[in-house]
Amino acid sequence: MHWDDVFAELQAQFDAALQADSDAELAELVQAEVAGIEWIDRCRARRGEHVNVRLADGSGRSGTVLEATRAWVRLALGERRCLIPAHAVVAAWPLGPRAPEPGPIEARLGLGHALRALAADGAEVMVCSLAGDHRGRLTRVGADHLDLLTAHATVTLMWSGLLSVEST
């Protein structure tokens, strides 16, 4: 009878060790999954809902998420629309914990695609950048810059300094 108790205790210790290993492995898998999630993916999960973003210059935008790709988010600010490069955002809230995979089109749409669509539209925009705000029409979109025809000149702005492009 004593041996049965010893082996039962060993079996219980073995089962507990297996459960602990399983729990640790699950925690590592969850941590690895979370480590691969980008904020913009969590923003995409908020489509149709209100979010706030703080940009690199300290300014903020607050609106309803219309679309979000890996490269940009587009918000409705009342009647205006605002395209914000993902790299310009330093804080965003509220974001949910989930992050859906982008659709096949969203996965391929870069900042250039969105800017070229705005240029083709020909509408007047306000381009907010680290170099200041400029009102005009997008006339050319290169690989890393855009040209904006203002009332006084054509201004070339680098994408790296873009904060937002808003309809006026």
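Predicted model: local features only at pLDDT ≥ 70, side-chain atom pairs only at ≥ 80, totals over all residues.
The largest pocket holds about 260 Å³ of space. Its lining is made up of 16 residues, and those closest to the centre of the pocket are Arg74, Leu83, Ala114, Ala117 and Leu118. Several elements of secondary structure contribute to the lining of this pocket: strands β3 (72-77), β4 (80-85), β6 (124-129) and β10 (162-167), together with helix α4 (111-121), each supply at least two residues. Helix α4 provides the largest share of the lining, with four residues. By residue class, the lining consists of nine nonpolar residues, six charged residues and one polar residue.

Seven salt bridges were counted in the model. One of them joins the side chains of Asp41 and Arg70, with a distance of 3.0 Å from N to O. Arg70, with a relative accessible area of 39%, is partly exposed. The Asp41 and Arg70 pair is also part of a network of salt bridges, in which Asp41, Arg44 and Arg70 are linked.

A further salt bridge connects the side chains of Glu166 and Arg80, where the closest N and O atoms are 2.9 Å apart. Glu166 is located in strand β10 and Arg80 in strand β4, so this pair ties together parts of the chain that lie 86 residues apart in sequence. Both of these strands also supply at least two residues each to the lining of the largest pocket. Glu166 counts as buried, at 8% relative accessibility, while Arg80 counts as partly exposed, at 37% relative accessibility.

The side chains of Arg46 and Glu49 also meet in a salt bridge, with an N to O distance of 2.8 Å. In this pair the arginine, Arg46, is buried, with a relative accessible area of 17%.

Notes:
Residues numbered from 1 in each chain as written. Heavy atoms only, no water. 1 Å grid on protein atoms, 1.4 Å probe; cavity = no way out; pocket = protein on both sides within 12 Å on 5 of 7 lines; lining within 4 Å. Points joined across faces, edges and corners; volume = space filled by probe spheres on them. Nonpolar A, V, L, I, M, F, W, Y, C, P; charged D, E, K, R; others polar. Salt bridge = Lys/Arg side-chain N within 4 Å of Asp/Glu carboxyl O. Buried < 20%, exposed > 50% of the residue type's maximum accessible area, 1.4 Å probe, protein only.
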